[in-house]
Amino acid sequence: MVLKKLAGAGNRRTDAEATVAFISQNSKKYLKELFQLFHLGDKLLQQRGSYALHIISDKHPDWLIPFHKELLYFAENPLHPGVQRNTLAALSSQNQFDEKIIGELIDFCFELVNNPSTKIA
């Protein structure tokens with residue numbers, strides 16, 4: 001169901017907010033489905049999903065705790081620069097990390113900052 005909602009949505013904040021409201025109905029079920037969406041390899045759906053994740057990280061950061069590893073993976077392997085920005089923003093809202101994840105995240109962020117070809121918004 002999340003896939004259908006995202007597929008029909010636009011790229012505006014109001015569309016992403018509607019997706020987040022839908023996910024809020026059953027956060028465990030629909031959040032898992034949202035992360036499955038990322039694995040489909042559809043650039044547009046990944047962009048829209050990452051925008052919703054960014055909003056979720058602001059409103060419900062605790063929901064993303066079980067998904068830190070996946071968020072880091074999609075920040076490191078984005079299909080679009082916006083996906084990277086949104087997943088890193090979602091990770092930046094977190095205050096609890098496994099030591100291994102935080103080390104990988106810090107290393108990755110330093111690589112981004114030091115890479116002159118890193119795209120900016």
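1. Start with lysine 59 and glutamate 17. In this predicted model, their side chains meet in a salt bridge, with 2.7 Å from N to O. Lysine 59 sits in helix α4 and glutamate 17 in helix α2, so the pair ties together parts that are 42 residues apart in sequence. Lysine 59 is partly exposed, at 45% relative accessible area. Glutamate 17 is also partly exposed, at 25%.

2. This pair belongs to a network. Arg13, Glu17 and Lys59 are linked by salt bridges. The whole structure holds four salt bridges.

3. Now look at arginine 12. Its salt bridge partner is aspartate 15, and the closest N and O atoms are 3.5 Å apart. Aspartate 15 counts as buried because its value is 15%, and buried means under 20%.

4. Lysine 100 is exposed, at 54% relative accessibility. Glutamate 104 is partly exposed, at 31%.

5. Turn to the nonpolar side chains. The largest nonpolar core has 30 residues. Leu31, Leu34, Leu53, Ile56 and Leu64 have the most contacts inside it. Helices α2, α3, α4, α5, α6 and α7 each give two or more residues to this core. Which element gives the largest share? That is α3, with six residues.

Technical notes: Residues numbered from 1 in each chain as written. Predicted model: local features only at pLDDT ≥ 70, side-chain atom pairs only at ≥ 80, totals over all residues. Heavy atoms only, no water. Core = buried A, V, L, I, M, F, W, Y, C linked by side-chain atoms within 4.5 Å. Buried < 20%, exposed > 50% of the residue type's maximum accessible area, 1.4 Å probe, protein only. Helix = DSSP H or I, 4+ residues; strand = E, 2+ residues; numbered from the N terminus.
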